[in-house]
Every structure is written in structure tokens, then in C-alpha cells.
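Subject: Structure for your review

Dear colleague,

Please find the structure below, followed by a summary of what was found in it.

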Amino acid sequence: MTTDYKKPLPYIHDETRTYWEGAKNHELLIRKCRACGAYHYYPRDLCPSCFSFDVDWVRASGRGIVYSFTVCHRPARGFEEDVPYNIAIIELEEGIRMMSTVVGCPNADIRIGMPVEVVFDDLTVDVTLPKFRPVDS
Amino acid sequence: MGALTKKAAIVGVAESDLGYTPNKTFLQLIAQATKRALDDAGLTIHDIDGFFSAGWTTMESMMVAEYLGIRPSYSDNTMPGGAAFEFHVQHAAAAISAGLCDTALICYAETRLSDRKKGIAMNFTAGSPQEPEEQFDVPYGLWVPIPVYALSAQRHMYQYGTTSEQLAEIAVAARKWASLNPVATMRDALSIDDVLASPMMSTPLHLRDCCLVSDGGGAVIITAAERAKDLRKQPVWVLGCGESHTHRSIAAMPDLTVTPARYSGERAFRMAGLGPSDIDLLELYDSFTITVLLQLEDLGFCPKGEGGRFVEGQRLAPNGTCPVNTGGGGLSYIHTGMFGIFLLIEAARQLRGECAGRQVRGVKTALCNGIGGNLASSGTVILGVD
């Protein structure tokens with residue numbers, strides 16, 4: 001954990017605080033609609049499937065697959081020293097997708113459909129970022 | 001006939017100076033394009049009562065209208081990224097049809113290349129902190145637009161076996177068209193091997209899979225059917241339009257291989273009473289090679305997943321059976337940030353038979369499709385001449 005973290009950090013507000021508090025506790029919390037049962041991501045106070053405002057926080061299994069990925073050879077601001085780095089869209093077991101990155105394997109070994117599980121990267125005192133590492137299928 | 005079919009026509013089109021214009025502001029470029037488009041139509045600024053504008057500065061439409069000296073009775077600033085101007089055509093045709101305005105100006109310009117060289121380029125990655133993309137995507141190193149389109153291309157390759165060579169076919173065809181266009185930026189020969197050997201930007205997209213960064217803009221004048229018949233140029237009829245958007249941030253795209261062109265295209269074809277086999281010419285948003293491939297599928301020119309095989313053998317190039325982006329496209333002609341205005345300009349010129357060395361013979365119908373904002377929005381416009 002560093003205090004001079006230079007990359008963009010999320011602006012955390014009341015609607016999403018539970019998600020980020022969960023990440024700090026190394027739990028991936030997602031929202032599930034009490035009315036229609038649908039999960040969604042990113043976390044909202046409403047269900048984008050049925051517009052119910054009765055949405056729960058539940059703990060995701062943390063397992064999923066790589067839905068797509070790209071290895072960036074040109075950096076986003078703050079990522080200049082990481083090039084080439086990967087970003088990946090992960091499809092969670094619950095059927096929803098989130099932006100993340102694959103860690104613990106070389107970029108050249110990343111494959112779509114690869115099973116992954118969540119790991120937590122404590123970036124700063126306040127922010128922990130969920131990332132994903134390969135698991136044996 | 002559909003709700004807006006032949007209610008309005010494009011009667012004037014023009015580009016501003018293009019390429020690298022370090023001594024001009026975007027307002028000057030908009031004025032230049034507007035003057036040229038009015039001259040093309042044989043109209044004056046006093047004929048304009050409908051005003052359509054899209055851009056990145058604060059309350060840009062009012063700024064542009066002020067600069068030009070227009071007080072519109074109908075104003076539309078719809079801003080779905082690069083597809084804005086296809087959305088505007090539908091909105092203008094609807095407003096004209098409803099009698100809310102008579103003659104509409106659609107105008108836009110940017111100076112991205114000069115801004116970059118001057119070190120004053122806008123940072124398109126840093127949005128408002130409250131944007132979900134800022135909170136949930138940007139901390140992972142996502143930036144726009146190249147990695148966004150790369151995520152789609154990678155998924156298309158996985159699902160359908162699409163190859164980098166097939167994507168390169170699209171860039172090569174665009175370059176062949178550009179070589180016939182005197183105002184195109186990149187006119188030297190380009191091969192599939194050249195595309196594959198160009199620097200990797202974000203896997204699987206190479207530099208030559210990506211559009212240019214240019215200065216420039218354009219203007220399009222649309223007027224009511226009755227008026228269009230008496231003007232300087234042959235009316236280019238609006239036959240059908242459609243629009244849609246399905247998401248904003250790429251992680252929220254329902255299917256990375258399906259753009260909202262599927263929905264906007266369906267609506268436009270239904271309104272026009274036409275199908276893909278009735279279209280003589282395609283002007284498709286080519287921010288990236290993959291963008292063209294997805295639109296060919298989503299608009300029904302080939303089945304989903306067949307786009308890679310469809311573009312093989314230079315089918316989209318001059319003398320190919322499916323002419324696409326006859327000016328050279330965003331890949332080789334010009335790309336100022338929102339290419340959609342140039343799709344309309346080139347289609348109108350082709351339909352009027354003004355394209356000299358790159359003129360496609362016997363063009364009666366053309367389809368323009370704009371894509372904007374992380375493959376998120378799509379506007380389809382089907383045009384035709386009598």
C-alpha cells in the first residue's frame with residue numbers, strides 16, 4: 001500500500017460507498033433486485049432491469065470468466081509506466097459484467113473464456129480495487 | 001411511405017478546410033463550411049430557421065449560432081458522439097414535417113490535430129467524477145477510444161474467428177478510395193501487410209486500424225420537400241431514418257459484437273420501405289476497422305459473424321461489389337472527432353454524381369450510418385435521388 005498513488009481513483013459517494021467498503025474488506029458486493037431478482041453492475045439505487053428501487057447488497061461468489069480483454073500499448077494518464085498492461089471485462093458467475101484487469105499471469109496468456117477469481121489490490125488507505133486472477137478450470 | 005419519407009431533402013453540403021488548420025478556430029471552420037453549404041444550395045443565412053449543432057464546448061450550439069448570427073426558431077443540440085449528425089437529420093426532417101421549421105442547418109467542426117500539437121487538447125478520458133465510467137472503469141486504465149473498440153474486436157474474433165487480416169481489408173479499401181479523393185489526408189498505397197506491420201495500439205487493433213486525427217468540419221442544409229425542388233442542386237431525399245443507443249460505458253454494452261445499428265437500421269429500412277439489397281452505396285462510420293465490420297452485420301448486409309469473410313477480396317474498395325466510404329473514410333480521408341457529418345456530405349455528392357474519379361455509377365440510394373460514444377449510439381439515414 002502506497003500513499004503516493006498516482007493513478008486515477010474513484011470518486012466514492014453514498015450510492016456506491018457500500019461497494020467500496022466491501023472491497024476494503026476484500027468482499028465483492030453487488031446489487032440484486034428484490035422485485036425481479038436481477039443482478040446489476042455498476043451498483044445503483046435502482047434496478048435497471050425493472051426500475052424497482054428495492055435493491056439489496058449481496059456478496060458475489062467472486063468467480064467468473066474473461067468476457068473480453070485488450071492489452072493497451074498506449075497508456076491512460078497515470079499508467080505510463082505500466083505499458084503494456086491489460087484491461088478486461090469480467091463476466092461474473094451471477095451473469096453481470098464489470099471492468100477490471102487480469103493479474104497473476106502474463107498478458108500473452110490471457111484468453112477469453114478463461115476462468116478467474118477476484119483478488120483485492122489495496123491501492124490506498126481508502127481504496128481497494130477488485131482485480132481477477134486465473135484459476136484452474 | 002414512412003412517416004418522414006421524402007418530407008425533406010438535403011440541398012446543400014460542404015466541408016470546411018480540412019486536415020491541419022492551425023490558424024483557424026473551430027468557429028471559423030464552422031462558418032466556412034456553412035457559407036459553402038449555403039452557396040451549394042443557393043440559399044442565404046437568412047433562410048435558416050432550424051439549427052442543429054453538436055460539439056464538446058459548453059453550450060456550444062448557442063455559441064455557434066451567436067457566432068453565425070442565427071436566431072433559430074427550432075434548435076437541437078443532440079449529442080450522441082460521432083452519430084450526432086445522423087440523429088440531427090431525423091430530427092430536422094421531423095421538425096420540418098411538423099412545420100416547426102422550414103430550412104435547417106446542421107454544422108460542426110473541431111481542431112483536434114492543431115490542439116494536440118499546441119498542447120491544448122481536451123482530455124476526453126477525464127469526465128465528471130460522478131460519471132460511472134470514471135468511478136468503475138478509469139481506475140483500471142481504460143481510456144477512450146482505442147481500447148474500447150479493441151475490446152469489441154477481440155470478442156468478435158473469439159466468437160466468429162474474425163482475423164486481423166480481415167480487419168486490414170477494410171483499411172486497405174478505405175485507402176484505395178482516398179487515393180481517388182483530392183482532399184483526402186492519406187493517399188499513398190497501403191497493403192494488408194502494411195496494416196499488420198503498423199504499431200500495435202491496443203490488441204488486436206494496429207495503428208492503421210484506427211482513424212486519423214484531423215482538423216475540420218462540415219455543414220449540411222436540409223429543407224422542406226416543396227422548397228427543395230426549386231433550388232440549385234438536385235434534391236437528395238431523406239427516405240428513412242432511425243436512431244438508438246444501448247449503453248454508455250463499454251462494460252455495459254449488452255453484447256460487445258452488436259451495435260445499436262441493428263435497431264436504428266431496422267427503423268430506417270422500415271421507414272424507407274427498403275432493404276439492404278436496395279442500397280447502392282454505404283457510408284459507414286469508420287472510427288476503427290472493427291466499427292465498419294460490425295455495422296455491415298448489424299445493418300443486414302451480411303449475417304452476424306460473417307463480416308470478416310464479407311470484406312475479404314476488397315469487396316468494399318473501388319470496383320468492389322459493395323462500395324463503402326467512397327471518400328476514404330475516417331481511416332484515410334479525414335477524422336475530426338465526430339465523422340458523422342462527412343458521411344452525409346459524401347453520400348449527397350455521390351447521389352448528385354459530383355465525385356469525378358471516385359464516382360460510383362448509377363447511384364440512386366445511399367445509406368449513412370453514424371456510430372458514437374463507445375459503440376453506444378447509432379443513427380441511420382437512407383438517402384435517395386429521383
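In what follows, helices (H or I, at least four residues) and strands (E, at least two) are DSSP runs, numbered from the N terminus. Two residues are in contact if their C-beta atoms, placed from the backbone, lie within 7 Å. Axes are lines fitted to C-alpha atoms, for helices over the stretch in contact, and angles run from 0 to 180 degrees between N-to-C directions. This is a predicted model, in which local features need pLDDT of at least 70 and side-chain atom pairs count only at pLDDT 80 or more, while totals for chains, interfaces and linings use all residues. Residues are numbered from 1 along each chain as its sequence is written, and chains are lettered from A and ligands numbered from 1 in the order in which they are written.

Sheet of chain B

Helix 10 (residues 261-272) of chain B lies across strand 8 (236-245), strand 10 and strand 11 (377-384) of chain B, at about 150° to strand 8 of chain B. Chain B has an open sheet of nine strands with mixed pairing, in the order 3-2-4-7-1-8-11-10-9; two strands pair if DSSP finds at least two bridges between them. Its edges are strand 3 (74-76) and strand 9 (281-284) of chain B, each of which pairs on one side only. Strand 9 of chain B runs parallel to strand 10 (residues 365-372) of chain B, with four bridges; B:Leu281 has B:Ala366 as its bridge partner in strand 10 of chain B.

B:Ala228 belongs to helix 9 (residues 225-228) of chain B. B:Ala228 is buried because 25 other C-beta atoms lie within 10 Å, the threshold being 20 or more. Beyond its neighbours within four places in sequence, B:Ala228 is in contact with B:Ala9, B:Val11, B:Thr223 and B:Pro235.

Contact between the chains

Chain B contributes 27 residues to the contact and chain A 28 residues. On the side of chain B that touches chain A, helix 6 (146-160) of chain B gives the most, with seven residues.

Strands of chain A

Strand 1 (residues 29-33) of chain A pairs antiparallel with strand 3 (residues 55-59) of chain A over five bridges, and A:Arg31 stands opposite A:Trp57. Strand 1 of chain A is also joined by two bridges to strand 2 (residues 39-40) of chain A, again antiparallel. In this hairpin, with five residues between the strands, A:Gly37 has a positive phi near 85°.

Yours sincerely

How values were computed:
A residue is buried if 20 or more other C-beta atoms lie within 10 Å of its own, exposed if 12 or fewer, and partly exposed in between; C-beta atoms are placed from the backbone.
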